[in-house]
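Reader: I would like to learn how to read a structure like this one. Could you walk me through it step by step?

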Amino acid sequence: MSSLNASLATALSGLMADQGALETTSNNVANANTPGYSREVPVLVTSDPLVVGPLTFGTGVTLQSIESIRDPILESQIQQETQTQGQSDAQVSALQQAQVSFSNNSNDIGTAISNFFASLNQLSASPSDLSVRQGVLTAANNLATSFNQVSDNLTQQRTNLGLSVVQTVGQINQLTQQIAQLNGEISNLENVGQSAGTFIDQRTQLIDQLSSLVDVSVIQSDNSLTLTTASGTALVAGQQSFQLQTQLSSSGQQDVFAQGNDITSTIVSGQLGGLLQARDQQIPAIQNQLDTLAAGIANAVNNVQTNGYDLNGNPTGATDANGNPQNPVYLFNPPPASGTGAAASLSVAITDPSLIAASSDGTPGSNGNAEAMYALSSQAIIAGQSPTDYYSGIVANVGNMTSNATAEQNASNLVLQQLNDQRASVSGVSLDEEAANMIQYQQAYAASAQVITAVNDMMYAVINMTTLTG
Amino acid sequence: MRVNPNPLPDLLATLNLNQQQINTDLEEIASGQSVNEPSDNPAAAAMLVQNADQTSQVDQYLRSIGSVQGELQNADSTLSSVTTVLQRAISLGTEGANGTLNSADRQAIAAEVQGIQIQMVSLANLSYQGSFVFAGTATQTAPYVLDPTSASGVRYVGNSEVNNLTLGDHFSVQTNLPGSELFSSPGNDVFQALQDLITNLESGSTSGISTAVSEVSNAYNYINAQRVFYGNTINQLNSQQTYLQSDSTQLAQQQDTLGGADLASVIGNLENAQVSRQAALEAVANTLQTDLFNYLK
């Protein structure tokens, strides 16, 4: 058998539930523009019924929990794509800086190569003219300088990328520390059965940030979360975070260490991965090609140079006019045998223009050797290509690397935009929806209040009735 | 179905892309180049490097042609003077062979031929911009010195080397003829012929004089034949010059095709980008911030 008091209690449960629901609406509206916020919905359930004899009475409504709406799969996709984006962002900015040295201008290596060989052709036309010979030395110096400058720029850029690596590792450490802390808060709340939605949102936001820096794998267990790099280096385990360190390695670059192990080569994604790839692979590849080109030109020119006679008729090779051994007269200081560093160290060995071996027979008017030197411009002296062809290959290579990274960046931006769209369609706060909910809760609240008024009237009737009889 | 309640980030991304397009177009218009960085078009950037190199080569070939042309023309006109001088020697010799002349007349003629011999040495020692043109490659010393102990009265101290000069892809020319081939060629030795003429004039042998005159006249024919070398080379250089100039024009055209901005289409693109930016801005301004809350009273 029911009672008026029971009805009052039931109506009251409605009031309280609607208040709670309105609270979530209000929180959603307040957080409509908070990055990473997932909308909350009140979970309303029917209270346990009361069974009296054959009758079952409902006892109202309970606000069981407040749930954040999110799609974990979508979120992990976003994190992965964020890694790609971070990587391509870092690469694009590094490569765009690198390719400036290869833009066609009056100081680029290509122009310097052309000018050097042009000066040799002029020498061939006027082999005994000192001012023409001086022109060859000047062009050779310009060639060496442009190699030096581009190589220095690239080396400087690698150093700067190393500084960015140190900064990025610092940011990673800060984020993993915060995530470990949040892990603690979340498991404390969840252990006592409370919803940790807000903290989870914050943590998701931090993991997104971390993903843009480094390749993160997220392993989620009941109420704890483990983060590792893609290759398995632990970053966060529950409430514990593991710091990464940077340290100068034997190669003179800042390498990344985790618990004493060098993990530099295992980081392939995120901003850190992009920085490391640009620093350790892409820019060194360009430098290698430049070294090959510089060493190829220097060696080929020296070979011809030491096969002739200077303006005074002295042989420039390893034996002097009397057949005694002598130091060969090189045009370029011989590059390192391995070729490594050839572009950075390329320099002209002579300052006396009369030492250029234009003559092939010892007479000052002979141009045979100058012709042979000029002929190098069209000979396959560098990896089966002429100097200019090889250089144009480097330019194409740098351009391709940059445009590929840019294309990847654009694609990744688009994918990320779509994924974020999808996440917003699941988790974003819709003000229309919140307004509709608000009306709904407001009306339900008003209705419950009406029920209480009705019960109140009925109570009043009962009490007055008693007074009358009494 | 629930849709993304906040389209603002998408709209901003679109605006961003628009802005990027506008920036690229403006850069192209400002520079007149569609390839400003290698990544703009890597293949074209590589071809532009080769184009620039070829252009520099062509320019250099033209400069080199300019520097040898002067020398060749000088050599050619000197040889023309040589033939004039030899003609004079021939007429003097013919006059000297005349039996009515007395010894004193012949001595006078011999002295004049002696003068021609000295003039010939000076012509053969032609120097152009500090280099002796007919010395082979030993260009720093005068190739002919007067030497009374020599049968021909002169000594050749040059060499018989020649220079070849590359003046185009697969095009090179010989740029000199050594004196040993021109004036001292065995059988057509100019100095020997003149010396023989002098000797016979002095001794008064009319038959010797006639033989010497025909020697000089052989040498004259030989020098004339050798002038063809210079004429041919100068012609070759002229036609190579014309070819290189048209090559240079073609390279400039190719460079423009590869890397020049197509202004008409760039400006079209720019207008499109501006229109769509305008539209996106208006859309952002007009459609946002209207929701159910606005209608609740």
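Author: Gladly! Let us begin with burial, where a residue counts as buried if 20 or more other C-beta atoms, placed from the backbone, lie within 10 Å of its own. By that count, the buried share of the 470 residues in chain A is 43%.

Reader: What should I know about the model and its numbering?

Author: This is a predicted model, in which local features need pLDDT of at least 70 and side-chain atom pairs count only at pLDDT 80 or more, while totals for chains, interfaces and linings use all residues. Residues are numbered from 1 along each chain as its sequence is written, and chains are lettered from A and ligands numbered from 1 in the order in which they are written.

Reader: What radius of gyration does chain A have?

Author: The radius of gyration is taken over C-alpha atoms, and the globule rule is 2.2 Å times the number of residues to the power 0.38. The C-alpha atoms of chain A fill a box of roughly 150 × 40 × 30 Å along the principal axes. A compact globule of 470 residues would come near 23 Å, but chain A has 39 Å.

Reader: How far apart do the C-alpha centres of domain 1 and domain 2 of chain A lie?

Author: Domain bounds come from an automatic or database domain assignment. For chain A, that assignment gives domain 1 as 4-69 + 432-469 and domain 2 as 77-415. Their C-alpha centres are separated by 68 Å.

Reader: Which strand gives the most to the side of domain 1 of chain A that touches domain 2 of chain A?

Author: Contact means that C-beta atoms, placed from the backbone, lie within 7 Å. Nine residues of domain 1 of chain A are in contact with seven residues of domain 2 of chain A. Strands are DSSP runs (E, at least two residues), numbered from the N terminus. With four residues, the one that gives the most to this side of domain 1 is strand 4 (residues 61-68) of chain A.

Reader: Which residue stands opposite A:Leu248?

Author: Five bridges join strand 9 of chain A to strand 10 (residues 254-258) of chain A. In strand 10, the residue opposite A:Leu248 is A:Gln254.

Notes
Two strands pair if DSSP finds at least two bridges between them. Two residues are in contact if their C-beta atoms, placed from the backbone, lie within 7 Å. A residue is buried if 20 or more other C-beta atoms lie within 10 Å of its own, exposed if 12 or fewer, and partly exposed in between; C-beta atoms are placed from the backbone.
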